[in-house]
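This report describes the fold and the surface of one protein chain. The sequence and the structure are shown first.

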Amino acid sequence: MVDRIFAIFILLVGGAFFFESSKFSEKSGVQTFAPSFFPRVIIIFMMVLTIFLFIKSFIIKKENTSFLSNLKSYIVEHYRVILILFLFFIFTVLIPFIGFLYSSMIFIFLSTAILRPLKVRFMTTNILLALLLPLAVQWVFQNVLNIYLP
């Protein structure tokens, strides 16, 4: 049951993203594809996999347990995914206030702390990754692509 609800939610979100991708600029004369091409490929791939999940939820029979107990076990099993999605939401909220660079550093550090074991040797790597990766991305965008990030 949880898989069905999740699949319906992802299909709705994917449909909204697909609709929003139509607002991208049109293809210019030198471009091979329009700017909306790659996001639409990802969205369609995501929606096809979600349809498979939706169909699989009808084929594979699970025990008849209550919705709340299924939801609780789903959250316990996938708590890291839920935390990363919450962090991504916080990341997108923080960008206008503190900028891409600092919000990316916070997001990368916290997400690697969630996904990796909390040990000193990993924390050193997490801090270096959180500092260097956003700096490298910002440098490439500003100096190579001439795109200034917020």
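## Basis and overall surface

The model is predicted: local features need pLDDT of at least 70, side-chain atom pairs count only at pLDDT 80 or more, and totals for chains, interfaces and linings use all residues. Residues are numbered from 1 along each chain as its sequence is written, and side-chain values use heavy atoms, with hydrogens and water left out.

## Fold and dimensions

The protein chain has five helices and zero strands (DSSP runs numbered from the N terminus: helices are H or I with at least four residues, strands E with at least two).

The C-alpha atoms fill a box of roughly 60 × 50 × 25 Å along the principal axes. The radius of gyration, taken over C-alpha atoms, is 20 Å, whereas a compact globule of 150 residues would have a value near 15 Å; the globule rule is 2.2 Å times the number of residues to the power 0.38.

## Exposure of Phe52

Phe52 lies in helix H2. Phe52 counts as exposed because its relative accessibility is 54%; exposed means over 50% relative accessible area, buried under 20%, and partly exposed in between (1.4 Å probe, protein chains only). Across the protein chain, buried residues make up 20% of the 150 residues.
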